[in-house]
Protein chains: 2
Amino acid sequence: MNRSIALLAPLCLGLGLTLPVFAQEDEFQTVITPAFSPVTWERLINAEDEPENWMMYSGTLDSQRYSRLDQIDKSNVAELEMKWSYQIPVIDRAETVPTVVDGIMFITEAPSNLTAVDARTGRVYWRYDHELPDDLRICCGRNNRGVAILGETLFMSTLDAHLVAIDARTGNVLWDTEVADYEAGYSKTAAPLIVKDKVVTGIAGGEFGIRGFIDAYDPASGELEWRTYAIPGSGEPGNDSWSGDSWKTGGAATWLTGSYDPDLNLIYWGTGNPGPDWNGDVRLGDNLYSDSALALDGDTGEIAWHFQFTPHDVHDYDSIQVPILADIEYQGSTRKVMMWANRNAFFYTIDRVTGEFLEGDAYASQTWAQGLDPNGRPIRVPGMAPTYEGILVSPPIVGATNWYSPGYSQQTGLFYVTSFDGEQEFFKRDEDYEEGERFTGGGGRYNQPMDAFHSSIRAINPATAQIEWEFPIMPRSSAGITTTAGGIVFTGSADGYFFALDAATGEELWHISLGARVHAAPMTYAVDGKQFVTIASGNVVYTFGLKDN
Amino acid sequence: MNRSIALLAPLCLGLGLTLPVFAQEDEFQTVITPAFSPVTWERLINAEDEPENWMMYSGTLDSQRYSRLDQIDKSNVAELEMKWSYQIPVIDRAETVPTVVDGIMFITEAPSNLTAVDARTGRVYWRYDHELPDDLRICCGRNNRGVAILGETLFMSTLDAHLVAIDARTGNVLWDTEVADYEAGYSKTAAPLIVKDKVVTGIAGGEFGIRGFIDAYDPASGELEWRTYAIPGSGEPGNDSWSGDSWKTGGAATWLTGSYDPDLNLIYWGTGNPGPDWNGDVRLGDNLYSDSALALDGDTGEIAWHFQFTPHDVHDYDSIQVPILADIEYQGSTRKVMMWANRNAFFYTIDRVTGEFLEGDAYASQTWAQGLDPNGRPIRVPGMAPTYEGILVSPPIVGATNWYSPGYSQQTGLFYVTSFDGEQEFFKRDEDYEEGERFTGGGGRYNQPMDAFHSSIRAINPATAQIEWEFPIMPRSSAGITTTAGGIVFTGSADGYFFALDAATGEELWHISLGARVHAAPMTYAVDGKQFVTIASGNVVYTFGLKDN
């Protein structure tokens, strides 16, 4: 279950040196990471102040993915060169965003493994292999998106719906908690979020008729501290937004990572599609809190407010995007907002204190709604629900965007999102729920080749919800975004490019071909005063730096 | 069986462009390579004169792996940076050496696939997937080492012991010939060698009691032109070097790629271990022509001479190394020689006209022979044959070197080899031959951790068989070597480094960490006047060039 391994060892340079030599393929040797300062909650709150580290999935608690590092800037980004690569020994979708603390990088790997490497060189310290059962219920790929860290402990989700705590120095397991029963369709792929003294984490399985929830665990013991269901139980407010017993298998998975505002003590977390995805006939009503943003009390998990993007969704428009928090100038005053480019093709600016809808507009092609009403509720185009025969709707099931991280730049005040302009034929079917089986009530098919469509990086002004610039990329992209104080937007493409854009104009500044799809988001860090940028492509994690560094 | 695919497409740069977009994961589109000049036999003979291309496994017919390209030299090699990477979508041992013709690169992939990419960018033109049966007999990994090209046709070995001809422009199969019956233990992994108007190719399966041979095929039809068995048949000279019927299952596989001298019209090809590997009791005698170099007539395949490195081998000391041909100054005159660093830990300089032994000495740790006699035959240390209980012998089964390509520099006159100083306990067992089953008669075990040993790059003077310099690398390396007119030796290491040494001194000039074992040999080429160096590491093919190129 846990094994420490040194796949990669220092090269013995020069004649006659007798450095320690390392493992053949089937031999392993424990290597402990160098000492690092424990990652206190204080450090996490102020993560922006130590941009040399990337201490959580979205970089900072506000999930802006904006780094203050500016050594790599618009003037020199074209000189970036690969400093090292690390090859994940399993090919699957690498959706990992590494975490870096004091020169040590933690990389999650398909299916549910974790490796610590030297962030300067990519050389491996240890690997944790999580043993998995053979009969997993996975909707969309065997992957893992990242870890959380608190103190000297890493927290990782696993595909069998466990949360494991791992000693960041050694790779040894400290505890392993079953969050939910994988045989009932639950799984976990997202990085947890540290909130004060708790590990907050969601659950996947929206295509298996689960009932979504957000949990908080004691980092020392792995004991559950609180659980907030994303679907209100019988007798609770909102439960009547589900016809009959449909709430019990209503999905609303919470399968990505949320954000946190320490001043408001509110956790922001998205919820997924109602289940079954494409047949809404069996779950009449708004289906709260599917396809919603939830604001939860940071101590109790109690829901402070909710904002439902797509009431009674029948198109699989999960709202599990990462909420980006920022204080922006809005109509003459500074406003604490949450920005959200939704899978449903609308962008929203929401007051994150109250949940009040401020601005919203479509940022990608869509045919399902006439627009948003003054409360941000979509005004439906009639007759766009899936039929038995199939009906053409935009955006398609994969969405105008999806789980891949958007970014926000404090320099430009713009919000950046990988968006897709596509369409698909949606159809429904009748389907009975059976525990642990897929429960989707339909599906989709493309009636044009995918190359009829393309993606774009779009920069949106959150004060107006209008697009400032766009950079088209082909084909449909599923890469996340990182912005820096160097004035750069870093992202990738499905056809294997990693590239840098001018955050102000969208002008392309640099690109390199890595040879396999970029599913992940970039991140940036520094060691010994040298800035690096890291991206996973295919099964490889590449790190770039400036020539002279 | 054959599908053309564009995994990677040009990035659409800038606003509003409508370049063609490409495939989602499950969609494919045929892309044809740009035109290139057909690779005539004349071009292959003079391959050295067009160093911008790398038109066969070992670069040139003499297999020196010496390139006249000198844009990358000792003064600037430290500025190398990755220009692109291409990810082979299957993880196995990538032992591929790409072929480059006029800016198009052909990459063989595990298990038996082939992809054409743009050598400037790594972008895919097409892929050929060879369908394989489920019950392959493979001793040592599902890999493929490279292709041969003649005209506009590529020739590739496959694990099911076929030879396939593929249209280099489209990836379409032209013919597919069964060379031998994989169910009887035959397989193929090596790049064929073009000799005039024939495709010359060997066979693998030495651990399955096969009978090795070297074949020549008609490139147009795939018809067998001649077959020369590496074990003489009943009544033929040499057959009496096998007791009883043991020659019928005697191995002597021919599982790597040979060399050719156009002036002498001789093909040079190595043969593997006699079978069963470790129990010689059942095959008394010298076991000709196992563990030998064979010189074959280029038109008929007739054996002109042979040189057996290890008579009656009981340690699996395959002699399938690539023969390097050069004309060297030897004792006051120019001599046409063949140089050979053998798995058995001895280096040999042999007159390639006659097969006469000129020089030889141990180049790595060994305990099995007291030395070589004046004819180059080993003088055995008594009692070193494997026993039922096990006996410690050096080199171990993996050898002092193995299949990975050595190199030779025309500038330094030195021969370069990745060598290993190790030891292992060898044991034998009684085993009956059964068709298609392993037939090895024993095995080996390490009684020290592998990190008690290490590899070195050794530079050997072929006129004296003495080591001029060495560069230690850890742990045991299985990377090949390429030398250039820039005065550089390029090679890699098991712990994922790709690096450059000064060919004259062994001084380390540059290295980069690629994150997975280098099993392959580098190669170099140029496009549009820019020199590149390519190496496979893990499942990734990396191409490096100078900053300003």
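Are B:Phe106 and B:Trp126 buried or exposed? In this predicted model, B:Phe106 is buried, and B:Trp126 is buried as well. The predictor gives the complex an ipTM of 0.90 and a pTM of 0.93.

**Confidence**

- Chain A has an average pLDDT of 93, and 95% of its residues score at least 70.
- Over residues 1-28 of chain A, however, the pLDDT is below 50, although this stretch has 98 contacts in the model beyond near neighbours in sequence.
- Where pLDDT is low, the predicted coordinates should not be read in detail.

**Aromatic pairs and charges over rings**

- Over all chains, the count of aromatic pairs comes to 52.
- One aromatic cluster is formed by A:Phe307, A:Phe309, A:Trp340, A:Tyr348 and A:Phe357.
- The charged end of A:Arg145 is placed over the ring of A:Trp403, 4.4 Å from its centre, while in chain B the residue B:Arg145 lies over the face of B:Trp403, at 4.4 Å from the ring centre.

- Strands of a sheet pair through backbone hydrogen bonds, either parallel or antiparallel.
- One open sheet of chain A is formed by 4 strands in the order 11-12-13-14, with antiparallel pairing.
- Its edges are strand 11 (193-195) and strand 14 (224-229) of chain A, each of which has a single partner strand, so one side of each is left without a neighbour in the sheet.
- From one strand to the next, the twist of this sheet averages 25°.
- Strand 11 of chain A pairs with strand 12 (residues 198-201) of chain A in the antiparallel sense over 3 bridges, and A:Leu193 has A:Val200 in strand 12 as its bridge partner.
- Another open sheet of 4 strands in chain A has the order 19-20-21-22, and its pairing is antiparallel.
- Here strand 19 (324-330) and strand 22 of chain A are the edge strands, each pairing on one side only.
- Neighbouring strands of this sheet are turned by 30° against each other on average, direction ignored.
- Strand 21 (residues 346-351) and strand 22 (residues 357-362) of chain A pair in the antiparallel sense over 5 bridges; A:Phe347 stands opposite A:Asp361, and A:Tyr348 stands opposite A:Gly360.
- These two strands form a hairpin with 5 residues between them, and A:Gly355 in the turn has a positive phi of about 85°.

**A buried serine**

- A:Ser456 is part of strand 30 (residues 454-461) of chain A, and its 0% relative accessibility is why this residue counts as buried.
- Apart from neighbours within four places in sequence, A:Ser456 is in contact with residues including A:Val417, A:Thr418, A:Glu470 and A:Phe471.
- A:Ser456 and A:Glu52 are 404 residues apart in sequence and 29 Å apart in space, C-alpha to C-alpha.

- The peptide bond from A:Ala110 to A:Pro111 is cis, with omega near -5°, and A:Pro111 is in the loop between strand 4 (104-109) and strand 5 (113-118) of chain A.
- The peptide bond from A:Met474 to A:Pro475 is cis as well, with omega near -10°, and A:Pro475 is in the loop between strand 31 and strand 32 (482-484) of chain A.
- B:Ala345, a residue other than glycine, has a positive phi near 85°; at 0% relative accessibility, B:Ala345 counts as buried.

Definitions and conventions: Residues numbered from 1 in each chain as written. Chains lettered and ligands numbered in written order. Predicted model: local features only at pLDDT ≥ 70, side-chain atom pairs only at ≥ 80, totals over all residues. Heavy atoms only, no water. Phe/Tyr/Trp six-rings, centres within 6.5 Å; stacked < 30°, edge-to-face > 60°. Buried < 20%, exposed > 50% of the residue type's maximum accessible area, 1.4 Å probe, protein only. Lys NZ or Arg CZ within 6 Å of the ring centre and 35° of its normal. Pairing = 2+ DSSP bridges. Axes fitted to C-alpha atoms, helices over the stretch in contact; angles between N-to-C directions. Contact = heavy atoms within 4.5 Å. pLDDT = per-residue confidence, 0-100.
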